[in-house]
Amino acid sequence: MLSIFRRSNQTSDRQLKKYRKIVDHINKLEANFVDLSDEQLAEKTLEFKERLANGDTIQSIIPEAFSVVREASKRVLNMRHFDVQLIGGMVLTEGNIAEMPTGEGKTLVASLPSYVRALEGKGVHIITVNDYLARRDFEQMGQIHRFLGLTVGLNVPMMQGLEKKEAYDADITYGVGTEFGFDYLRDNMAQHISQKVQRPYHYAIIDEVDSVLIDEAKTPLIVAGKMQADADLHMIAARLAKRFKQGLDFDFDDETKSTSLTETGIEKVEKAFGVDNLYDLEHQTLYHYMIQAVRAYVIFKRDVDYIVRDEKVELVDMFTGRIMEGRTLSDGLHQAIEAKEGLPITDENKAQAQITIQNYFRMYPRLCGMTGTAKTQEREFREVYNMQVIQIPTNRPRQRVDQDDFVFKTVDQKYKAMAKEVAARHKVGQPVLVGTTSILQSEKVVEYLDEHKLDYNLLNAKSVEQEVELISNAGQKGHITVATNMAGRGTDIVLGDGVENLGGLFVLGTEKHESRRVDNQLRGRSGRQGDKGESRFFLSLEDDMFKRFAKDDLEKFEKKVDTDENGLVLNKDVNELTERTQRIVEGAHYSMREYNLKLDDVINDQRNVLYGLRDNVLKRNDVNGLLQTMLKETTEFVVFDSCPEGETPDQWDFERIERTMNSLLRTSVELSHTFEKPTQIVKFYREPLDELVAYIQSFEDNEQVNQLIPQVMLSHIDTMWVKHLEFMTRLKEGIGLRSYGQEDPMRIYQREGLELFGKHYQKLRRDIAAEVIQFMKILTEQQELQSQEVNS
């Protein structure tokens, strides 16, 4: 039996030993549950909950709990967990990543840890990569949990607040990762505590964890409000950007995809718009529109990064080839692309709340995930998310043969050889899956297949509705399927009758992806559950990856390249060139994600401060006390900010202190200019502030004031946060330009971001206090007038 655990990989036999012992225990317990009635089996859930409440640990109940889930699965779904699936379940329960090849039943694995962790009563989130998989797993795997007496919820876009709240209150909630993140942001924009749908985070299982935590991590989650764009400015900027030349008017780094204007480009913009200095604060908006116009032309390619449909720009997920429904680029970049394509300019999205994928998922006290490919990214998982990658043995030995790459000198030679290979395989009836890196490449591939008059199914973002059906049928005899590498991820390809005898599914990759994980995912489409299969990549020295990331190496290599009559490169070290280039690309992307995370970490600290304040206001946690604290902090800030260290008292801004304080106090107080220490000024204001606090406390039972204070606070907090995010975005755009000053741009961003937040937070406190006190003064005047009228 132990032979099933032997697999040559980096997870050692010793590491798996502890899991094997528990598997043996679970197998011995199996007979104890077979004779239980359905009711008796379901009653085990209450028993486990009681044991946990009385001090038992999760670890101690795993053998019995896993046995119960296995038995329930047999009865409800007619599926019995394999031993290796039990190991996967244990890895997930601990909060790590279970790397399991395609077809090993990862969805069934998740039923084990989700049940065990749900027994704690704090909620379990099961994250999938799309709505289809969330619904499928909710309906299928949810049957096991419902059978055992747990509640199961589904969280997908377009649900109403009460539906969402019900989904989050369930023991186990299925949904798409981005939707959980957006709900977090929306909860922190709620105007009343009843509008919040989430409860405190506890435990999350992420299916296709590498896709969610790494591939999607480059794009932050942003909840945006609409604001009218300057259509004319976008159009003029687009026309100007179209005439710009790389190297002359702007610089573009192919690896990091960063863009900046040169001195020549800046002069052209200044001349076109009639301004003296583009970098003046008053021209910040113009610079922003211009740089976005250049980015739209240089970085975003039609039918690769977006498609145009019904006069709308629709974004394409580069990893799946799917349309990202309802998603738009923020900060005017989407409108810059519309201007480039000559389309009607839509309203701009202005960020009202945002968070990176990394910082969102790091809020879960315990996080785990499953995927077929995680080992190559193990360092990032460990450093960013504190998760280890454990490779789970296959249930049956793998039979897929991964052939060496074929590398051709030109793209044309590559596609001709690819089409010839597909035709040869098709002739004998062997199914072929051709994987591409973009929609554009998919359409290029089929042009060459058309020359051989081959019938095929083309699957890309433009035919997403049939995605699951086409992918699942890709293993049928004689089928040719052309798809983006990640299309239909999570869908099994089952072999048709007689296909096993033909060698199984042949997977042909037409270009190496920027991540080895995605290549491995493509290979993993073939050879599921011990099926026969084969894979091979057809590459060319003209492929985008080599041109972008290996210019110098490619130049040297081309001088010594040796090919046959079909253009196939014969040099033995060509595979080394490919591997080295991919490692460089992965390193560049990791650095980019790390940089973006560091940028968001600055905002994350600020977000936590503001959201904490907001929560206290929503929960009505001593709102009067909050107001009094704001008054005290406002006083200290304005005093110390107006009396900087190193300046003598005659240089202090006494007028500013007096002006600010008199806007708050009930009656004006004249400030003497004779003080020699800031602490003396703070002490001077103590008595009038105590009088003001007593005045505020006199309104504690006033219903009007109690209603107003939270409204005023929330309104000012939300307004300040939107403005602050906009300032931080502009700051981020500008720091790269100032790196020539020998200072690390990240340090500039951290320092100036903190200064900005300090100023905005101080203004927030002062404005809230001033508005509330002004309202109290008006109420007092009204009461005095009414009193006088009564007396007269």
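Okay, let's start on helix 12, where Glu263, Glu267 and Lys271 sit exposed on one side. Keep in mind that this is a predicted model. The helix itself covers residues 263-273, and its buried residues are Gly265, Ile266, Val269 and Glu270. Those four share a side of helix 12, because the arc they cover around the axis is only 135 degrees. So what do the buried residues of helix 12 pack against? Three elements: helix 11, at 231-243, strand 8, at 258-261, and helix 13, at 284-298.

The largest nonpolar core has 92 residues, and the members touching the most others are Leu213, Phe361, Phe381 and Ile681. Let me take leucine 213 from that group. Which residues does leucine 213 contact, once we leave aside neighbours within four places in sequence? The list is Ile206, Ile357, Phe361, Leu367, Phe381, Tyr385 and Met387. As a general background point, nonpolar side chains in soluble globular proteins tend to be buried together.

Last stop, helix 29. That's residues 745-791, and lysine 759 lies in it. Is lysine 759 buried or exposed? Exposed, because its relative accessibility is 57%, and the cut-off for exposed is over 50%. If you want a sense of distance, take lysine 759 and phenylalanine 147: they're 612 residues apart in sequence, and C-alpha to C-alpha they're 56 Å apart in space.

Key:
Residues numbered from 1 in each chain as written. Predicted model: local features only at pLDDT ≥ 70, side-chain atom pairs only at ≥ 80, totals over all residues. Heavy atoms only, no water. Core = buried A, V, L, I, M, F, W, Y, C linked by side-chain atoms within 4.5 Å. Buried < 20%, exposed > 50% of the residue type's maximum accessible area, 1.4 Å probe, protein only. Contact = heavy atoms within 4.5 Å. Helix = DSSP H or I, 4+ residues; strand = E, 2+ residues; numbered from the N terminus. Arc of directions from axis to C-beta.
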